[in-house]
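Student: I have a model open and would like to work through it. Can we start with local details and then move to the whole chain?

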Amino acid sequence: MKAIRRFTVRTHLPASIAGLGRLATNLRWSWHPETKRLFHDLDPAAWRRLDQDPVALLGSFDRARLAELAADESIVRRVAAATEDLDRYLTEDRWFQHESAGWEVPPRSIAYFSPEFGITAVLPQYSGGLGILAGDHLKSASDLGVPVIGVGLLYQSGYFKQSLSRDAWQQETYPVLDPDNLPLSLLKHRDGTPALVSLPLPGHRTLHAQVWRADVGRVPLLLLDSNVPANDDTARSVTDRLYGGGGEQRLQQELLLGMGGVRALRLFAELTGTEAPSVYHTNEGHAGFQGIERIEELMAAGLDWESALCSVRASTVFTTHTPVPAGIDRFDRSLVEQFFRAGLAPSVPVEEVLALGAEDYDGGHRGLHNMAVMGLRLGQRANGVARLHGQVSREMFRGLWPGFDADEVPITSITNGVHAPTWVSSTVSDRAIELFGTSAVAGPDWGRVWDVPDEELWEVRRTLRRALIADVRARLRSSWLKRGASEAEVAWTASVLDEDVLTIGFARRVPTYKRLTLMLRDPARLKRLLLDPEHPVQLVVAGKSHPADEQGKLMIQEMVRFADDPEVRHRIAFLPNYDIQMASTLMPGCDVWLNNPLRPLEACGTSGMKVAMNGGLNLSVLDGWWDEMFDGENGWAIPTASSAASTGERDDIEAAALYDLLESQVVPRFYGAERSDQAGAAGPSAASRDGLPHQWIAMVKHTMATLGPAMSADRMVQDYVTRLYRPAAAAGRVMDGDDFARARELAGWKTRVRSAFGRVAVEHVDSLGVSEEPQVGDELQVSAYVDLGDLEPADVCVQAVYGRVATEPSGSLDEDRLVDTSALELSPAEDLGEGRWRFAGSLLIDRSGAFGYSVRVLPRHELLASPAEMALVVNAG
C-alpha cells in the first residue's frame, strides 16, 4: 500500500546524550577523528551500512537503543567531552583572530559564493574539483577562525549517481534528497515561518527560495532551495539538479545564487545578528550577479551607477577556475536582457548589466553574455588557482585590457590547497599524532616524516594499499552485479589486485582534455606493464562524464571494455560513481597518481596533492599545481609535446613518454635492486639487506616533507586573507565611508578621465646620455612630450618601460617586443602650455645585450588597485 502522506520524524535524544544531535549536525565531525570514532562506536555495523552518516545513524536507533546508550557511562562521558571540544573549537581565538588583531580594517566577514560545495558525501552538493575546493576552503577557514559565510544552492537531486550498463555505457540516476534527513536547519523568522528570498521573473512570475543552513565548523553555509509551495512547477525545479537543464534554467540558477544569495545574506544577518559581509568572493563566474544585486541596493538608496559600481568592485574578489573559454558560462545576451527587463534590479540600467558581460573585444561574440568577463569587471581583485593558470588566465582575458602585455593583466594567482585533516588517511594521521603530537598533519611541521623509520613508513603504505584493494573488490563486485552479472560470474572480483604490486591511480572528471584514455594509446604495451611476471603494475581508474558529454562517455566505455578483458581484469579496475567516499580510500592507497591533461588546460587539479599528503608520488604532465611544485625528487614529469602538433600527434608522443617513464624509472624504483621480497627481484645489495625500496621511500619522505605545507588549504586560505580579503575589506571601507564620499569621488574622476583619455598622445620622446657603445651602468636621460588634453599631470602616470628586446624574425608582429621589463616613472618637468607637458627621468641601463625602451601614459589614482585597472593606456609610437 502506498503512503498518502510522508513526513520525517526527528530523533529525540535523552538528555545525557543530547550533545550527539549537535555533533551530528555540525559538519566538523567529517574531519574530526574523535567525533567520527564516537559515532562509529555507537554501532559499527550501522555506521558502515549507512555510509558513515551520523544523522541517519541516530535516526536508525529506536527508543530502547537510545536508552541503552544514555545509560552507558563511557558513551555519556565521550559525548560530553566531544561536545565540550566542539564548543571550545567554535569560540576560541584562532589564527585569524591573532593575525588580524593589529589590522586597522580587518574583514568583518567574507561571503564566499560557489555553485557547489564538496564537504562530505553525506551532503551531496558537488560534482568535482570546483566543489571539493570550495568545501576545503570553508573547512580551513573554520580551522583558522576566518569569518567566512558560504553561499550556494541546495539541489534536490545533487549531482547524478553513475553506474554502467552491460556494454560499459555510463548511466545516470538522480536520487531525490530529503533536506529533513540532511545535516541542515531551515532559516526561519521569529514566528517560525520559513524565511524566503524572492526574484521577479519574466511573465509576471516570481521565483521564491527558502534558505537552509549547514554548519561547517565555525562557518555557516547558506543553501537556497526553490522547491517550495509558493513556486509554480517550473520555478520549483530551478534547483532540481547541479549543472542540469538548459540555458534558461542555468541562468535562473545563477541569478538565484548571486542575487538571491545576497538577499539570503541580508536575511541571515537580520535574523541572527550577524554582521553583513565586508568582502564578497565569487568562486568562478556562476555567482557574478551578486554584484548586480549589491549595486541595486546602493542605487535604490540614491547612489548613481558609477559610484555604486566603484563601491561594489572595491570589496569584490573574483576567482577564475577555467583555462579554456569553453568552460565559461555564456548566455544569450537577449535572454539576460529579458530577465532583467522583468524587474530583477529596477534601479540598475539594463544596458549597464549587459555591458558588464559583453565580449566587446577582438574575437569576442557580441551576442553572448560572458559570466567570467562580468566577474572580472565586477571584481577589483581577481586570481587564478595556480601560478601557470594565472599566466594562462592573463593571456586568455587580455582582450579586456587592450594595449597591455599579458603579464600586466591584473589577474594574480593563489595556488589551491587541500584540507589535510579531511584528506590525510586516519592510518597516517593517527600514527603521526602518536609520534609527533596533535598538530602533526594539521600544522606546518611535515619535515618530521624524516624521523619515521623506513620500515614503519613502508608498512603504513602497505596498509593503505591493502585497504584500497578491499574497497576495490567490494565496489567492483557491486558494479558487475548492477550491470546484470550473476553471483557466479563475479567470483573473480574477490582476487582482483595484489597488495604487493605497484598501484597507480587515475580519477577525475572525464572531459576530453583530461585524456582518460591516454594510457590506452598502445594497449599491447600497457598489457605488458600490467602483466609483467616479475614487476607488474596495477591500475585503479574512476571518473564521471557530464551527462551531455557523449565523447566523455565514449572514453569511459573504451576504458571499461579494456578493464573487462579477462586477461587483465585482475590488474585494472574501473570504479563507477567516483565521490568523496571513494576518494578517501583511493587516494591514500595509490603509490602513484597519474595525471595527463593537455597542457595547459588543467587549472590546478588537487587530487594529486591528496595523494602526496598520504605518501604517494605523482606522475603528471607539468600542468596546474604540478608545474610549480615538481622538483625532480617528488615524482615524475611527463614530457609535453609541442602545442603546434595536432591533438593526435600530442597523444602519441606523450603516451610514449608515459610508457617510457613507467618502464625505465617508476617501476624499477618501486621494485628496486635493493629489494629481495619480490619474486624474481635481484638479491639484496650490499647497502641494504632488509628488502625495502629505500630510494622510493626517500622520495616519499621528501614529498611529504616539502609539499605538505605548500599543498595545505590552510596556506591557501591564509594567502586569500592577506593578499585579497584584507585589501578588499580596506578598500571597501574607504569607498563606503562618509556616505560613499570616496566612491563618488572615484566615480567622478573615472568618468572625467575616460572622456578625456582619447585626446592623450605621446608626441615625441628624446633621450640623451648614451654613447655609441653603451655599457651596463650608463644613464639614459629620457624626455617624453605628452599632450594631456584636459587632464592634469596628477591624473596620469607617465612611464619609461625598458627591458630586453626579443629577437624575432623580421616582419614578425613580435619584432622588437620588450620582455623582462621594468618601469621608470617620469616626472612632470615642464608645462609647455595648452595641455602639453614634458616628463623626464633618468633610466639606468641595467643589463647587456639587446636593450630597448618605450614610453606610455596610464591613468593614476590612489584608489586604483592596479595601473591597468581602467584598461586605458597610450603607448608611444
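Student: Where does Pro600 lie?

Tutor: This is a predicted model. A cis peptide bond joins Arg599 and Pro600, with omega about 5 degrees. Most peptide bonds are trans. As for its place, Pro600 lies in the loop between strand 18 (592–595) and helix 23 (607–613).

Student: Is Asn577 buried or exposed?

Tutor: Asn577 is found in the loop between strand 17 (572–575) and helix 22 (580–589). Asn577 is not a glycine, yet its phi is positive, about 65 degrees. Buried means under 20% relative accessible area. Asn577 has 16%, so it counts as buried.

Student: Asp739 has a positive phi too. Is Asp739 buried or exposed?

Tutor: Asp739 is not a glycine, and its phi is about 60 degrees. Its place is in helix 27. The cut-off for exposed is over 50%. Asp739 reaches 55% relative accessibility, so it counts as exposed.

Student: Which residues is Tyr725 in contact with, leaving aside its neighbours within four places in sequence?

Tutor: Tyr725 sits in helix 27 (residues 713–757). Its relative accessibility is 0%, so it counts as buried. Its contacts beyond those neighbours are Pro107, Ile110, Tyr112, His137, Val279, His281, Val317 and Tyr720.

Student: What is the C-alpha to C-alpha distance between Asp407 and Val392?

Tutor: Asp407 is found in the loop between helix 16 (387–396) and strand 14 (412–413). With a relative accessible area of 57%, Asp407 is exposed. Asp407 and Val392 are 15 residues apart in sequence. Their C-alpha distance is 9.8 Å.

Student: Now the whole chain. What is the radius of gyration of the protein?

Tutor: The secondary structure comes to 27 helices and 27 strands. For 877 residues the globule rule gives 29 Å, and the protein's own value is close to that, so the protein is as compact as a globular protein of that length. Its C-alpha trace spans about 95 × 75 × 50 Å along the principal axes. The radius of gyration is 30 Å.

Student: What share of the contacts with a separation of 6 or more comes from residues 24 or more positions apart?

Tutor: Start with burial: buried residues make up 56% of the 877 residues. For contacts with a separation of 6 or more, residues 24 or more positions apart account for 72%.

Student: How far apart do the centres of the positive and negative side chains lie?

Tutor: There are 89 positive and 119 negative side chains. The centres of the two sets lie 6 Å apart.

Definitions and conventions. Residues are numbered from 1 along each chain as its sequence is written. This is a predicted model: local features need pLDDT of at least 70, side-chain atom pairs count only at pLDDT 80 or more; totals for chains, interfaces and linings use all residues. Side-chain values use heavy atoms; hydrogens and water are left out. Helices (H or I, at least four residues) and strands (E, at least two) are DSSP runs, numbered from the N terminus. The radius of gyration is taken over C-alpha atoms; the globule rule is 2.2 Å times the number of residues to the power 0.38. Buried means under 20% relative accessible area, exposed over 50%, partly exposed in between (1.4 Å probe, protein chains only). Contact means heavy atoms within 4.5 Å. Lys and Arg count as positive and Asp and Glu as negative; His and the chain ends are not counted. The place of a charge is taken as NZ of Lys, CZ of Arg, CG of Asp or CD of Glu.
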